[in-house]
Amino acid sequence: VAKLVVSNAGVRTPASVAVKSLEGVCVEALLAQMNGKVVVKPEFGGSSVGLCIEETAEGLRKALEGILALGETALVEQYVLGRELTVSVHGGFSVESLPIIEIISCNEAYDYEAKYKKGMSRHVCPADISDSLSEECADMACRAHVALGCRGFSRSDFLLTEKGEIWYLETNTIPGMTETSLLPDAASAAGISYEALCDLMIVDALNEAGE
């Protein structure tokens, strides 16, 4: 649903199919529909838990069986090869973005291990991309934030291909605040300390509550 919402807001996102049951699903046809390589992930999962990349019918079937066995809906998304970018956004109807981060993961995907295990990923902020690409990516993140009705801080993830195309993956509505998390790094690059970032979040919450 989120992908449909941001797509209607003019944000480019990879093709995907939500699979609720294997009944009537031809995994070979599904794989071909997605150009032979897919990312499979739980629809409601966080922190990339359960995410896998598959390019065989057998692998796709096993991935779907694993997610469906947990009572989840599986999102099968067309694989896009590109540099991992993420953009933190602050605000409600009036929004602004923080410096863009490029994530360089030791794994093929920025998965749970890469997110939380020290040394498994590196954050480059600001990302080494052109001003025009930075503006486009930030605009897409702000569009997603507004279209999804986010408040306070959100963080949207993207892929930048060799052709210079930016593809939206998802929006994190409650970004992590751990020592390996991305939002604090982006805030730091903008001159906002961790303590000041926490203060902003508290003020946002109080304003939302009408305090």
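Is Cys26 buried, exposed or partly exposed? I looked it up, keeping in mind that this is a predicted model. Cys26 comes out partly exposed, at a relative accessible area of 40%.

**Cysteines**

I searched the whole structure for disulfides and got 0. I wanted to know why, so I checked sulfur distances against the cut-off of 2.5 Å. For Cys26, the closest cysteine sulfur belongs to Cys52 and sits 18 Å away, so a bond is ruled out by distance. Cys137 has its closest cysteine sulfur in Cys142, at 10.0 Å, which is also too far for a bond. I noted the accessibility of Cys137 as well: 0% relative, so Cys137 counts as buried.

**Helix H3**

Next I went to H3, residues 57-68. I counted 12 residues at 1.5 Å each, which should give a span of 16 Å; the end C-alpha atoms are 16 Å apart, so expectation and model agree.

Which residues of H3 are buried? I listed Gly59, Leu60, Ala63, Leu64, Ile67 and Leu68. Looking down the axis of H3, I found these buried residues within an arc of 160 degrees, so they line one face of the helix. The spacing makes sense to me: an α-helix has 3.6 residues a turn, so residues three or four places apart point the same way.

On the face of H3 turned away from the buried side, I found the exposed residues Glu58 and Lys62.

Note on methods: Residues numbered from 1 in each chain as written. Predicted model: local features only at pLDDT ≥ 70, side-chain atom pairs only at ≥ 80, totals over all residues. Heavy atoms only, no water. Helix = DSSP H or I, 4+ residues; strand = E, 2+ residues; numbered from the N terminus. Expected span 1.5 Å × (residues − 1). Buried < 20%, exposed > 50% of the residue type's maximum accessible area, 1.4 Å probe, protein only. Arc of directions from axis to C-beta.
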